[in-house]
Amino acid sequence: MAQSNFSRVTEFILLGLSDMRELQVLFFTLFLLAYTLVLLGNLLIIVTVRTDPKLSSPMYFLLCNLSFIDICCTSITTPRMLVDLLSRRKAIVFEGCIAQLFFLHFAGSSEMFLLTTMAYDRYTAICKPLHYTAIMSRWACWVLVSSCWAGGFLHSIIQTLLTIQLPFCGPNMIDNYFCDVPPVIRLACADIYVTEWLMACNSGLISLGCFLVLVTSYTLILVTVRGRLTEGHWKALSTCASHVMVVTLFFVPCIFTYLRPFYSFPFDKYVCVIYTIVSPVMNPLIYTLRNNEVKESTWRLWKRCRV
């Protein structure tokens with residue numbers, strides 16, 4: 001009987017951000033521009049870092065991986081949303097919904113762990129400069145990045161299993177522009193009290209935990225450099241300021257979304273826009289416009305391409 005109930009819903013209807021045609025056209029234009037900036041900006045960072053030997057430090061290695069994850073995160077939701085904004089019927093099959101949910105949490109949680117790793121890199125560079133090369137060796141960087149992806153995969157598997165074990169036999173309207181755990185499990189034909197708590201402990205506590213680690217690392221950096229700000233420290237603090245902007249844009253909406261079971265607000269889907277579209281757009285802008293080394297390398301790459 002449980003399997004029969006589960007198989008009744010074969011597709012979900014995504015309600016999107018608005019049902020007004022004028023707003024849909026406006027959203028399509030804005031998000032198409034944002035998606036283009038995400039692709040071009042992050043690809044430019046990847047190519048610049050990979051082709052310039054001067055950008056071989058662990059910070060730029062991690063930045064290159066962040067750009068790749070940003071492309072993945074945005075590509076999981078935005079192309080589908082752009083198509084739906086021009087479509088009258090915004091339907092997604094059950095299997096496609098689960099796949100979108102899995103890959104979004106896979107990439108999103110991997111980015112959380114990677115941002116935490118980048119904060120650790122900055123802490124090591126500023127607070128332990130004499131041991132930085134030994135601590136953040138090439139091998140250590142690969143291990144840290146691999147751990148971020150492994151942690152993201154484990155988190156996503158748990159979220160997906162929490163979702164697919166539920167029976168879906170009734171409503172199929174998702175008040176969002178993509179499939180995510182909170183709006184999907186609320187459509188289940190079962191008591192989801194335990195599931196929502198498990199979801200909050202998994203996604204919510206991971207978001208909050210990573211954010212607290214980041215805040216702690218930046219606090220330690222400020223305490224360490226207080227009263228002895230050399231030119232090198234100012235440069236490192238400038239990099240940290242950029243990192244804080246990215247962290248705030250990404251983590252605060254995630255904590256708001258996942259660390260509160262049982263409640264749903266009409267503006268939840270607009271909060272999702274911040275960490276699925278706005279944050280990936282800001283990353284290349286922040287890391288290129290506020291980083292002289294990246295700007296100089298990008299300019300050299302541009303001049304080589306013109307020759």
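**Disulfides, a helix and the core**

A disulfide (a pair of cysteine sulfur atoms within 2.5 Å) joins Cys169 to Cys189, with an S to S distance of 2.2 Å. Cys169 sits in the loop between helix 6 (138-164) and strand 3, and Cys189 in the loop between helix 7 and helix 8 (193-225), so this pair ties together parts 20 residues apart in sequence. Helices (H or I, at least four residues) and strands (E, at least two) are DSSP runs, numbered from the N terminus. The model is predicted: local features need pLDDT of at least 70, side-chain atom pairs count only at pLDDT 80 or more, and totals for chains, interfaces and linings use all residues. Residues are numbered from 1 along each chain as its sequence is written, and side-chain values use heavy atoms, without hydrogens and water.

The structure holds two disulfides. The other one joins Cys97 to Cys179, S to S 2.1 Å. The torsion about its S-S bond is about -120°, so the disulfide is left-handed. Both Cys97 and Cys179 are buried (under 20% relative accessible area; exposed is over 50%, partly exposed in between; 1.4 Å probe, protein chains only). Cys169, at 26% relative accessibility, counts as partly exposed.

Helix 2 (residues 21-51) has 31 residues, which should span 45 Å at 1.5 Å a residue; its end C-alpha atoms are 44 Å apart, which agrees. The expected span is 1.5 Å times one less than the number of residues. Among the buried residues of helix 2 are Phe27, Phe31 and Tyr35.

Phe31 is also one of the residues that touch the most other members of the largest nonpolar core, which has 79 residues. Such a core is a set of buried Ala, Val, Leu, Ile, Met, Phe, Trp, Tyr and Cys residues joined through side-chain atoms within 4.5 Å.
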